[in-house]
Structure formats: structure tokens, C-alpha cells
Amino acid sequence: MVGTATKPTAGELKPWREARTPPFIRIEGISKHFGDFIAVDDVSLDIWQGEIFCLLGGSGCGKSTLLRMLAGFEAPSAGKVSIDGQDMAGVPPEARPTNMMFQSYALFPHMSVEKNVAYGLLRGGMGKAEAMEKVAAMLKLVQLEGFAARKPHQLSGGQRQRVALARSLVKRPKLLLLDEPLGALDKKLREETQFELMNIQDQLGVTFIVVTHDQEEAMTLATRIGVMDAGRIVQVGEPRAIYERPGSRFVADFIGTVNLFEGKVDVAAPDAMRITTAEGPILTEPVVGLRAGQQVAVAVRPEKMRLSREQGAAANVLSGTVSDYAYMGDMTIYKLALDNGRSVKVSVSNIDDASEAFTWDERLFISFPAKAGVVLSA
Amino acid sequence: MRRSWFLIIAATLGFLFLYIPIGSLILFSFNESKLVTVWAGFSTKWYGELLRDEQVLGAVWISARIAFASATLAVVLGTLAAFVLVRMRAFWGKPILRGMTTAPLVMPEVITGLSLLLLFVSMERMIGWPAGRGMVTIIIAHTTFCLAYVAVVVQSRLVDMDESLEEAARDLGAAPVRVFFDVTLPVIAPALVAGWLLAFTLSLDDLVVASFTSGPGASTLPMVIFSKVRLGVSPDINALATLIILVVALGIVIAGLVMRRK
């Protein structure tokens with residue numbers, strides 16, 4: 001095997017980067033109104049085959065409504081959805097090439113695990129013997145071989161979640177919709193299941209759309225993330241891009257922790273950029289399209305800042321006193337009060353043992369390079 | 001925890017108050033004497049007497065048929081009402097329907113009986129149906145008030161039911177009618193059974209509404225007992241009452257067990 005497989009190019013692995021292959025799912029200008037309330041507001045998205053696309057947002061941002069429109073439970077007020085080139089308008093849920101894994105799992109309480117998983121196959125007109133074969137294979141995939149005869153109420157939360165996954169995957173849908181799939185699991189089980197989910201997706205090649213409010217979950221699972229706010233998609237991108245280059249204050253703040261410095265563009269030269277903030281001038285890498293005098297914010301992630309007792313020679317140096325810190329094991333998060341009272345979070349990786357750690361009320365220098373700051377105009 | 005004497009006494013008195021009449025009735029049903037209030041030794045002869053009483057046996061048969069029919073009709077109609085009340089989006093008539101459905105729960109039986117009697121009489125005059133009063137009219141009347149109880153029981157089950165179960169079935173390829181029989185019905189089945197048993201016992205017990213809506217040759221068991229008691233309590237009535245208590249208690253226990261099973 002070694003050496004025979006050719007490494008796929010970035011374009012094959014990440015088709016959204018090049019417009020070579022047509023998208024598998026096209027969502028064009030879709031909206032959903034409930035009376036006066038606009039749940040989903042003019043959303044357009046292209047999703048490619050084999051993706052794990054995460055819709056990320058707080059509660060009430062419209063992500064679940066969008067998912068339910070894809071499944072056919074809600075009819076869009078405007079716009080169009082097509083899956084694999086087929087227009088979905090007026091197609092009822094039972095006729096769509098999609099399956100859904102519900103947040104509550106929605107396992108049929110009066111049926112055994114086996115019957116739950118077989119339900120979709122039998123409704124689809126498959127013979128009983130063939131269906132049972134597929135069910136057995138599916139239960140093996142989700143490691144529930146010994147549980148076929150159990151009823152849902154005899155299973156643990158994690159087992160129920162796997163039955164729900166098996167049931168939604170056994171028909172090999174073109175598109176699998178997952179509504180907060182890991183929401184009901186505890187943290188440890190959640191992390192394990194995330195990787196399991198990715199493995200299964202890899203083996204079956206089904207396209208996943210996952211709705212979640214958990215940004216960590218989105219980061220680990222997704223090929224791409226669509227961040228939603230108030231019914232709109234505010235940014236679409238690969239997890240790394242969303243984290244490193246957020247497009248707006250909302251995204252920067254929603255994904256991970258961030259220090260936002262509000263200010264005005266002072267110097268906007270092709271080789272240098274300076275922003276005046278209440279905390280002093282901040283140097284960043286030049287951004288095309290920004291003019292002097294424009295209102296912007298500089299976003300700096302806590303792990304991109306350094307703490308030291310002596311003033312270093314970095315592009316940006318602030319100073320403050322430690323007001324609080326939290327030891328997390330792998331790292332320590334320090335909260336520093338700047339001279340103007342503003343608080344800044346800095347995380348320090350505990351590579352060495354933490355004996356050299358800083359403590360309360362210590363006066364420290366916070367330094368970060370020009371490339372650490374992301375300038376946000378939105 | 002130390003037991004409070006007050007609670008124990010209160011509980012004891014409460015139980016005595018509720019069960020002494022029933023207990024004495026059961027006890028005296030095994031009384032040898034013809035005099036209801038004088039104990040003269042143990043005997044089951046009144047049970048034998050009861051089995052030879054054509055009038056009572058006929059009434060039992062009529063009551064059972066009425067209870068069976070009205071319980072079944074009440075389950076069908078009550079379930080439909082519960083579905084509309086729980087699942088349908090608000091419409092102008094919904095509060096009225098809700099009120100109408102639950103009204104028989106609080107309406108005095110005399111009024112229910114009288115209004116139904118008036119309805120049957122004027123219907124007969126206008127459309128010729130139901131011709132006269134008898135089993136059919138009692139069944140309709142009992143269905144009316146049993147429906148309310150069934151609707152309440154089924155409603156609570158429907159409210160508890162996760163609607164995504166039905167969505168999941170549709171998502172897996174079942175058309176709406178199929179979803180109803182594959183998922184909805186089995187999930188609410190305990191409530192239907194409980195509602196049926198409740199309706200059955202209610203119909204079996206009813207005297208007032210049945211008296212208003214009954215006609216010649218359609219005397220239910222409670223009506224026969226009542227007319228017998230008016231001529232003086234005879235011990236065979238005690239025996240009959242004991243059997244009824246047994247049947248009703250069984251019905252309620254089964255309904256409770258079915259409801260509890262999830």
C-alpha cells in the first residue's frame with residue numbers, strides 16, 4: 001500500500017477552494033418567517049460532497065430552522081434548495097435523500113434497537129433479510145452488536161446517541177443532518193464521539209451538515225464552518241481561517257477568546273499600519289482597503305501574547321498588573337489590568353513546570369508582534 | 001425520621017371514613033340473615049340468589065353492552081379531540097372547543113342528562129331519529145361525558161410525546177398515515193387503554209344521566225339497583241354491590257398500571 005496511493009491535491013480535498021467541481025448542495029437566498037419573526041434571513045450556501053459542514057451559532061440564531069428546511073420539515077418562505085442537482089421545493093421529508101439525527105435522538109421507545117435501525121430500510125421497501133444484514137453491519141460500525149434486542153430506555157446516553165446515528169446512516173443518505181449531535185453527552189464521551197463521528201463519515205463518504213452551538217465541537221469536526229447570527233450567515237470558512245482571520249467583531253468574539261482593542265486607523269501605508277487605541281498605538285500588518293481615520297478594532301488572541309517581567313523588543317508592548325489567573329493544567333490564563341483599567345487576557349503555555357509562574361499584583365509587560373493583531377472593520 | 005402522631009391519626013381517620021361503608025357493605029353481603037343490619041353468620045347464599053335474578057342479570061348485560069360501546073366511541077372521539085387540542089395551531093374556535101370538551105367534567109349530571117333528553121326528544125320530532133329512548137340514547141349520552149375524560153387522559157400523553165419521534169419516522173421514509181400507525185398510536189396506546197377503562201367504569205356507574213336518557217326495556221344496572229333499594233335494602237343488593245366494587249376496582253388498578261408503564 002505504501003507509496004501506491006497518490007496524495008490528493010488540495011483541490012480534491014478542499015473543493016470549495018477551487019470552483020472545479022459543482023457544489024453538492026446549493027442553498028440560494030433561503031428565508032423563513034414565522035409571522036413577524038425572521039428565523040432565517042436570505043442565506044446562500046454551497047456545500048460540496050463529503051464535507052462536514054458545521055452551522056455554528058448561539059440559540060435562536062436560525063441554525064436549527066435552516067437544518068429543518070433542508071430535511072423538509074419547514075417550507076422556506078423564500079429561496080431554493082437543491083441537493084445533488086435536484087430541486088427540493090415541495091418534496092416531503094419522506095421523499096428526500098436526506099436523513100436526520102435529532103437532538104433528542106427521537107428513538108422509537110416501543111421498538112428494539114434493531115427495529116429502530118431497520119425502520120428506514122423497511123419503509124424504503126427493502127426485504128427483511130437484506131435489511132437485517134445491513135442493520136447488523138451498521139450496529140457493528142457503531143459498536144453496538146450486543147445491544148440489538150434492547151429497548152432504548154435500557155441504554156445509556158452514549159449508546160442511544162450511537163443508535164440514533166446508526167438509524168440515520170443505515171439508508172446511506174446523500175446528506176446527513178445532525179442537530180446538536182453531541183449535546184447530551186458529557187465532555188469526555190463527547191471528545192471520543194467526535195473522532196468516531198469523523199471516522200464513520202470518512203468510511204461512508206456521506207456529506208454531513210452539523211448544527212451546533214459548541215465552537216470547540218465545530219472546530220474539531222468541521223471541514224468548514226458557517227457562523228450564524230440573527231438568521232444570517234456572517235462568515236463561512238475553514239476552522240483555521242475562522243479562528244485566525246475572523247471577519248467581524250462578532251465572529252472574533254464568538255469563536256474562542258479574544259482581546260478587542262477599539263480605535264482609529266492612524267497610519268495606513270502599504271508597508272505599515274498603525275491604529276490609535278485607548279491603550280496606546282498598536283502596530284499591525286497592513287490591510288488593503290483601510291484608510292486613515294477609519295473606526296476599527298484590533299483583535300488579539302490570548303495565546304498570541306507574551307508575558308514577561310522585562311520589557312522586550314516586540315512591535316507592541318503594553319503593561320499591566322495581574323488581577324487574576326486560572327491554572328488549567330496545560331496552560332495558565334492571566335487576567336491583567338492595564339493602566340487605564342481595561343482588562344486583557346493572556347494565556348501562557350505551561351511547557352516548563354509552573355514554578356516560574358507570575359502571581360497576583362505583579363507588574364508585567366504584554367508583548368505581541370504586528371502579525372498577531374487582526375484588524376476588523378465590521 | 002420520627003413519625004408524627006398527628007399524621008398517623010389523620011391518615012387512619014381518613015381511611016376509616018372512606019372504607020368503613022364499603023367494608024360493611026362487603027361484610028354484610030356474606031350475612032346469613034335477611035335483615036341487612038343484623039349479623040347471623042357467614043353465608044354466600046345471596047350471591048346464589050343474585051345469579052337467579054333475571055332482572056339483575058339482564059341489567060348487567062345491558063350495562064356491560066352500553067359501557068363497552070360508549071367507552072369505545074369515547075376513545076375514538078376523545079382521541080380526535082385531544083389531537084386537535086394539542087397539535088393544531090391556534091384557531092378562533094380552539095378555546096371554545098377546549099371548553100366544550102372539558103365541560104362535562106364539571107357540569108352537574110342532572111343538567112347533562114336533562115339537556116340530552118331535550119335534545120333527543122326534539123331530534124326525534126324533527127328528523128325521526130333516535131326513535132324513542134333506549135340503549136342507543138344512553139350510549140350517545142355516556143359517550144358525551146366519557147369523551148371528556150378520555151380527551152384529558154390522551155391530551156396529557158400527547159403533550160409529553162416528543163414530536164420529533166413522528167418527524168424521525170417521516171424522515172426515514174414513512175408517509176403521515178403510516179407514521180400514525182407505526183409511531184404515534186403505539187406511543188399513546190397506554191393512554192387509550194387507560195381512557196377506555198376509565199370510560200367503561202364511568203358508564204357502568206352512571207345513574208343520573210342514564211335515568212334521563214333511558215326508555216322502556218333499557219334499565220341499566222344502577223337503575224335496577226336504585227329501584228330495588230327504594231323498596232328496602234335486600235342483602236342480594238349488597239352482594240351485587242360487592243361484585244361491582246370488585247370490577248370497578250380492577251378496572252381502575254389496570255388503568256393505573258397501564259398508564260404507569262412507559
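Which residue in S10(A) is the bridge partner of Val227(A)? I found Gln235(A) there.

Before going on, I noted the ground rules. This is a predicted model, where local features need pLDDT of at least 70, side-chain atom pairs count only at pLDDT 80 or more, and totals for chains, interfaces and linings use all residues. Residues are numbered from 1 along each chain as its sequence is written, while chains are lettered from A and ligands numbered from 1 in the order in which they are written.

**Entry: chain A overall**

I counted 9 helices and 20 strands in chain A; these are DSSP runs numbered from the N terminus, helices being H or I with at least four residues and strands E with at least two. The C-alpha atoms of chain A fill a box of roughly 75 × 55 × 50 Å along the principal axes. Of its 378 residues, 37% count as buried. Here a residue is buried if 20 or more other C-beta atoms lie within 10 Å of its own, exposed if 12 or fewer, and partly exposed in between, with C-beta atoms placed from the backbone. I also checked contacts, meaning residue pairs whose C-beta atoms, placed from the backbone, lie within 7 Å. Among those in chain A between residues at least 6 apart in sequence, 63% join residues at least 24 apart.

**Entry: the mixed sheet**

Strand S9 (residues 224–229) of chain A pairs with S10(A) in the antiparallel sense over 5 bridges; two strands pair if DSSP finds at least two bridges between them. I then read off an open sheet of 6 strands in chain A, S6-S7-S8-S3-S9-S10, with mixed pairing. Strand S6 (98–101) and strand S10 (232–237) of chain A each have a single partner strand, so one side of each is left without a neighbour in the sheet. The twist averages 20° from one strand to the next, using axes that are lines fitted to C-alpha atoms (for helices over the stretch in contact) and angles from 0 to 180 degrees between N-to-C directions.

**Entry: the antiparallel sheet**

In what order do the 5 strands of the antiparallel open sheet in chain A stand? I read S13-S12-S11-S14-S20. Strand S13 (280–284) and strand S20 (374–376) of chain A are at the edges with a single partner strand each, so each has one side without a neighbour in the sheet. Neighbouring strands here are turned by 40° against each other on average, direction ignored.

I looked at S11(A) in detail. Strand S11 (residues 259–269) of chain A is joined by 6 bridges to strand S12 (residues 272–277) of chain A, and the two run antiparallel. They form a hairpin with 2 residues between them.

**Entry: helix H5 of chain A**

Is H5(A) largely enclosed or largely open? I found 10 of its 13 residues buried, so H5(A) is largely enclosed by the rest of the structure. Among the buried ones are Arg160(A), Arg162(A) and Arg167(A). The cover includes S6, helix H3 (113–123), helix H4 (128–141), strand S7 (175–179) and helix H6 (187–204) of chain A.

**Entry: helix H5 of chain B**

The buried residues of H5(B) are Thr112(B), Gly113(B), Leu116(B) and Phe120(B). Down the helix axis they fall within an arc of 95°, so they line one face; the arc is that of the directions from the axis to the C-beta atoms. The face turned away carries the exposed Val110(B), Leu118(B), Ser122(B), Arg125(B) and Met126(B). Helix H4 (94–106), helix H6 (135–160) and helix H9 (208–213) of chain B are included in what covers the buried residues. After H5(B) comes Gly128(B), with a positive phi near 75°.

**Entry: where the chains touch**

The contact takes 14 residues from chain B and 16 residues from chain A. On the chain B side, helix H7 (164–171) and helix H8 (176–205) each supply at least two residues. The largest share of that side, 6 residues, comes from H7(B).

Definitions and conventions
Two residues are in contact if their C-beta atoms, placed from the backbone, lie within 7 Å.
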